[in-house]
Amino acid sequence: MVLAAEKVIVPLDVSREEDAIALLSQLPEVQFWKVGLELFVSTGAEILPTLKDRQKRIFLDLKLHDIPNTVAGACRAAGKYGIDLLTIHATCGRKALQAAKTALVEGAAEAGYPPPKLIAITLLTSLNSRDLAFDLKVPIELPEYALQMAVLAKESGLDGAVCSPQEAAQLRQVCGDEFLLVCPGVRPKWAETGDQSRTFTPSEAIKAGADYLVIGRPITAATNPQEAWAKIGDELANI
Ligand SMILES: O=C(O)c1cc(=O)[nH]c(=O)n1[C@@H]1O[C@H](COP(=O)(O)O)[C@@H](O)[C@H]1O
């Protein structure tokens, strides 16, 4: 039996702070919330103290992608918010990943917070093998590419990776039990796939070895988000 409150991260993918707060109120059982580009670019960091006041865990999904000095500066600042998780693209390269990790830990320590975990995007879950081969011109198979990005993240001292649940089992086997695997691209059977390409159901994703599932629109865009959350909870409880 798996508890949804321990495994599911829900993204606040809205552009107004009041809509984010409405979701927090509609879904009181959700313990781990994601603040991503839409809300952060629209409203800045204002939602973060609200989440902390409500004793929620925070995944700040900024998907950083820049040179070492710049990502380090951003990570130092992010560390001061008292967040739990932060994202950076593995394709920043080894030096930027190392600099980011060091700066994040230092920033958090300067503000009196425990070190947040820095996790690397391996390959966005919206992309498929065709996109990788024909548009991005990457000449290796998709699962191998995602694995190589995770290995680079691990070698650079990062705490884990964001991957499709379809790659989770392989990453778990190679990167070990301590390496955090956060999986978006999760769709219950009853939900629409939308722009996600590499999906698994919540129970398949957990069985594949995901530590956390990021599930957004199936819950947040549902007519009744609380009911959608409960259905996912039932599915996980029956594993
Ligand atoms: O970093 C992420 O969280 C992320 C990485 C990725 O490869 N794919 C992906 O969908 N995400 C995020 O996960 C969430 C998925 O939302 P839904 O597709 O609505 O379930 C969105 O907030 C995305 O920004």
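Predicted model: local features only at pLDDT ≥ 70, side-chain atom pairs only at ≥ 80, totals over all residues.
Close-up 1. For Arg217, the distance from an N or O atom of the side chain to an oxygen atom of the ligand is 2.7 Å. On its own, the ligand has 500 Å² of accessible area, and the protein covers 90% of that area.

**Close-up 2. The shell around the ligand.** The ligand is surrounded by 17 residues. Asp13, Lys34, Thr125, Arg187 and Arg217 are the closest of them. By class, the shell holds 8 nonpolar, 3 polar and 6 charged residues. Strand β3 (57-64) contributes at least two shell residues, and helix α11 (217-220) likewise supplies at least two. The ligand takes up the space of the largest pocket.

**Close-up 3. Arg172 in helix α9.** Arg172 belongs to helix α9, which spans residues 165-175. Is this arginine buried or exposed? Arg172 has a relative accessible area of 13%. The cut-off for a buried residue is under 20%, so Arg172 counts as buried. The side chain of Arg172 reaches the backbone oxygen of Gly209 at a distance of 2.9 Å.

**Close-up 4. Lys63 and its backbone in strand β3.** Lys63 is not a glycine, yet its phi is positive, at about 45°. The residue lies in strand β3. That strand, residues 57-64, supplies at least two residues of the shell around the ligand. Lys63 has a relative accessible area of 27%. This value falls between the limits of 20% and 50%, so Lys63 is partly exposed.

**Close-up 5. Lys137 in the loop between α7 and α8.** Where does Lys137 sit? Lys137 is found in the loop that runs between α7 (129-135) and α8 (142-155). Its phi is positive, at about 60°, although Lys137 is not a glycine. The relative accessible area of Lys137 is 61%. Exposed means over 50%, so Lys137 is classed as exposed.

Conventions:
Residues numbered from 1 in each chain as written. Heavy atoms only, no water. Near = heavy atom within 4 Å. Polar contact = N/O pair within 3.5 Å; in protein donor to acceptor, adjacent residues only side chain to side chain. Areas by Shrake-Rupley, 256 points an atom, 1.4 Å probe, with all protein chains shown as cover. 1 Å grid on protein atoms, 1.4 Å probe; cavity = no way out; pocket = protein on both sides within 12 Å on 5 of 7 lines; lining within 4 Å. Sits in = over half its atoms within 2 Å of the grid points. Helix = DSSP H or I, 4+ residues; strand = E, 2+ residues; numbered from the N terminus. Nonpolar A, V, L, I, M, F, W, Y, C, P; charged D, E, K, R; others polar. Buried < 20%, exposed > 50% of the residue type's maximum accessible area, 1.4 Å probe, protein only.
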